[in-house]
Amino acid sequence: MIAPDLRGHGRGIRSWRPFRLAACADDVAALLDHLDIDRAIAVGYSMGGPVAQLLWRRHPERVSGLVLAATAGSFIPGLQQRLVFVGMMAAAAGGTRTGQWVTRLPAGRASASPSAEIAPPR
């Protein structure tokens with residue numbers, strides 16, 4: 001069993017530069033390469049669920065199965081939800097007013113994030 005510490009999560013790589021969950025999936029594929037593992041069963045819990053699904057979507061030859069728990073097919077799918085989440089995390093981390101500001105955005109602007117949506121490979 002291998003439990004990678006994903007970017008921006010746990011004790012993983014810290015950076016102020018933005019990244020996508022797809023980059024985390026590519027990191028896992030690179031880790032499999034480094035460890036000389038051809039195929040693996042990807043297990044995703046919480047944020048790891050979309051990462052496991054993206055690993056399967058982007059590198060289907062590397063994934064022999066998926067196990068998903070306490071997760072979803074997308075992580076914070078709508079624009080407003082993402083802004084609220086980011087604002088709340090910023091407010092919790094830095095005591096800023098960002099969280100108050102983003103909660104006042106109109107709900108009609110929410111849309112699905114193409115980078116976070118999961119669809120079967122073609």
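## Arg 7 and its partner

Arg 7 is partly exposed, with a relative accessible area of 28%. In this predicted model, Arg 7 forms a salt bridge with Asp 27. The closest N and O atoms of the two are 2.6 Å apart. Arg 7 sits in the segment before α1, while Asp 27 belongs to helix α1, so the pair ties together parts that are 20 residues apart in sequence. Asp 27 also counts as partly exposed, at 30% relative accessibility.

## Overall build

The protein has 122 residues, and 27% of them count as buried. There are 4 helices and 2 strands. Read from the N terminus, the elements run α-β-α-β-α-α.

## Two further salt bridges

The whole structure holds 3 salt bridges. Besides the pair of Arg 7 and Asp 27, there is one between the side chains of Asp 26 and Arg 58, at 2.7 Å from N to O. Asp 26 lies in helix α1 and Arg 58 in helix α2, so this bridge ties together parts that are 32 residues apart in sequence. Asp 26 is partly exposed, with a relative accessible area of 27%. Arg 58 is partly exposed too, with a value of 43%.

Arg 62 and Asp 33 also form a salt bridge. Their closest N and O atoms are 2.5 Å apart. The pair links distant parts of the chain, 29 residues apart. Arg 62 is in the loop between α2 and β2, and Asp 33 is in helix α1. Arg 62 counts as buried, because its relative accessibility is 11% and the cut-off for buried is under 20%.

## The second largest pocket

The second largest pocket has a volume of about 570 Å³.

By class, the lining has 18 nonpolar, 3 polar and 1 charged residues.

Val 43 is exposed, with a relative accessible area of 60%. Together with Ile 41 and Val 67, Val 43 makes a nonpolar surface patch. The patch covers about 290 Å².

## Two positive phi angles

Most residues other than glycine have a negative phi. Two residues here go the other way. Ser 46 has a phi near 55°, a positive value in a residue other than glycine. Ser 46 is placed in the loop between β1 and α2. At 33% relative accessibility, Ser 46 counts as partly exposed.

Ala 70 is not a glycine either, yet its phi is positive, at about 50°. Ala 70 is in the loop between β2 (63–69) and α3 (79–94). Ala 70 is exposed, because its relative accessible area is 56% and the cut-off for exposed is over 50%.

Conventions
Residues are numbered from 1 along each chain as its sequence is written. This is a predicted model: local features need pLDDT of at least 70, side-chain atom pairs count only at pLDDT 80 or more; totals for chains, interfaces and linings use all residues. Side-chain values use heavy atoms; hydrogens and water are left out. On a 1 Å grid over the protein atoms alone, a cavity is a set of points where a 1.4 Å probe fits but cannot get out, and a pocket is an open set with protein on both sides within 12 Å along at least five of seven lines; lining residues have an atom within 4 Å of a point. Grid points are joined across faces, edges and corners, and a volume is the space filled by probe spheres set on the points. Ala, Val, Leu, Ile, Met, Phe, Trp, Tyr, Cys and Pro count as nonpolar, Asp, Glu, Lys and Arg as charged, and the others, Gly among them, as polar. Patches are made of residues with over 30% relative accessible area and no salt bridge: like charges are joined within 9 Å, nonpolar side chains (Val, Leu, Ile, Met, Phe, Trp, Tyr) within 5 Å. Accessible areas come from the Shrake-Rupley method with a 1.4 Å probe; for residues, only the protein chains shown count as cover. A salt bridge is a side-chain nitrogen of Lys or Arg within 4 Å of a carboxyl oxygen of Asp or Glu. Buried means under 20% relative accessible area, exposed over 50%, partly exposed in between (1.4 Å probe, protein chains only).
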